[in-house]
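Okay, thanks for coming, everyone. Let me put the structure up, and then I'll walk you through the barrel, the core and the annotated site.

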Amino acid sequence: MRKLAAGNWKMNGVEADLAEVDALVSAHRTPRCEMLLCPPATLISRMAARATGDLFIGAQDCHAQASGAHTGDISAAMLVDAGATHVILGHSERRADHGETDAEVRAKAEAALAAGLVAIVCVGETEAQRDAGQTLEVIGGQLAGSVPEAATARTTVIAYEPVWAIGTGRTPTLEEIAEVHAFLRAGLAKRFGDAEGFRLLYGGSVKPSNAGEIFAVANVDGALVGGASLKAADFGAIVEALSAA
Ligand SMILES: O=C[C@H](O)COP(=O)(O)O
């Protein structure tokens with residue numbers, strides 16, 4: 001399986017930041033992993049026009065319906081039309097800020113797959129849930145509830161993002177990451193049978209200085225990077241670390 005370095009720009013990025021895309025493309029023409037950047041929707045088409053080689057452009061959310069009276073929303077087909085190939089779904093910030101449930105994330109994932117997008121479904125526990133010993137129970141529930149039956153290893157990626165590690169500079173221990181990723185691998189194998197092919201990303205304060213040790217953990221097939229994906233130099237260093245893993 002080809003590994004994936006995915007960057008989530010969140011609500012960051014304007015025209016001037018497209019220079020970072022050009023810098024990434026020119027510095028990493030033939031990486032040994034796939035690269036993905038998910039900018040705000042306003043930049044998707046402009047970034048897609050500049051993305052060449054192994055850089056793909058994705059979105060951060062989509063609506064579950066194909067069209068209709070949903071002010072402010074964007075359908076999966078519209079994202080494809082803009083040049084996106086992937087979409088992040090069920091990020092903890094969407095779950096927290098917009099109250100997205102597992103069922104809603106699953107419906108969005110179904111729409112994404114139907115439109116031909118790769119769905120990156122996010123799961124992860126809060127700090128209180130980890131402290132209460134509920135990590136695997138929470139993640140198991142999210143995995144079961146958010147990933148559609150139509151998911152395949154080719155069309156669906158799972159991202160493990162502990163909520164407490166996002167943007168905090170804190171990360172789980174390597175053993176904790178290994179435990180969750182092994183749990184995800186086993187859960188996918190039980191449900192879909194071909195889990196070896198599902199790519200499992202780790203996300204939460206990944207940066208150049210810790211990427212190498214995280215990518216050496218079993219069943220980590222890449223990363224979903226927030227802050228460090230905004231600068232080509234930092235994201236490029238993470239791409240290098242993944243290519244070397
Ligand atoms: O989607 C990305 C994650 O939320 C991680 O963000 P971060 O790398 O800024 O911690």
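This is a predicted model: local features need pLDDT of at least 70, side-chain atom pairs count only at pLDDT 80 or more; totals for chains, interfaces and linings use all residues.

Eight strands close into a barrel, going β1-β2-β3-β4-β5-β6-β7-β8, and the pairing is parallel. On average, neighbouring strands in this sheet are turned by 25° against each other, ignoring direction.

Let's start at β4, residues 86–89. His86 and Ile88 point one way from this strand, Val87 and Leu89 point the other way, and all of them are buried. On one side, β4 runs parallel to β3, residues 55–59, and two bridges join them. Gly58 is the residue opposite His86 there. To get from β3 to β4 the chain goes through helix α3, residues 76–82, and that β-α-β crossover is right-handed. β4 also pairs with β5, residues 118–123, again parallel, with four bridges. In that pairing, Leu89 has Val121 in β5 as its bridge partner.

Setting aside neighbours within four places in sequence, its contacts include Leu89, Val105, Ala109, Val147 and Ile158. And what is the size of the largest nonpolar core? It has 68 residues, and Val121 is among those with the most contacts inside it, along with Ala6, Val87, Leu89, Ile120, Ala223 and Ile238. In soluble globular proteins, nonpolar side chains do tend to be buried together.

β6, residues 156–160, and β7, residues 199–203, pair in parallel over four bridges. Ile158 sits opposite Leu200 in β7, and Tyr160 sits opposite Tyr202. Is β7 covered on both faces or open on one? Both are covered: Arg199, Leu201 and Gly203 are buried on one side, and Leu200 and Tyr202 are buried on the other. On to β8, residues 222–225: it runs parallel to β7, with two bridges joining the two. Tyr202 faces Ala223 in that strand. Between them comes helix α9, residues 208–215, and β7, α9 and β8 make a right-handed β-α-β unit.

Okay, the part you've been waiting for. Which residues does UniProt list for "active site"? The entry, which is unreviewed, gives His91 and Glu161. They're spread over 71 residues of sequence, yet they cluster in space, with a largest C-alpha distance of 8.3 Å.

His91 is in the loop between β4 and α4. The cut-off for buried is 20 or more other C-beta atoms within 10 Å, and His91 has 28 such neighbours, so it counts as buried. Leaving out residues up to four places away in sequence, His91 touches Gln60 and Cys122.

Glu161 is in the loop between β6 and α8. Why does Glu161 count as buried? Because it has 25 C-beta neighbours inside 10 Å.

Terms used. Residues are numbered from 1 along each chain as its sequence is written. A residue is buried if 20 or more other C-beta atoms lie within 10 Å of its own, exposed if 12 or fewer, and partly exposed in between; C-beta atoms are placed from the backbone. Two strands pair if DSSP finds at least two bridges between them. A crossover is right-handed if, with the strands pointing away from the viewer, the path from the first strand over the helix to the second runs clockwise. Axes are lines fitted to C-alpha atoms, for helices over the stretch in contact, and angles run from 0 to 180 degrees between N-to-C directions. UniProt positions are given in the numbering used here, feature names are shortened, and annotations may be inferred rather than shown by experiment. Two residues are in contact if their C-beta atoms, placed from the backbone, lie within 7 Å. A nonpolar core is a set of buried Ala, Val, Leu, Ile, Met, Phe, Trp, Tyr and Cys residues joined through C-beta atoms within 7 Å.
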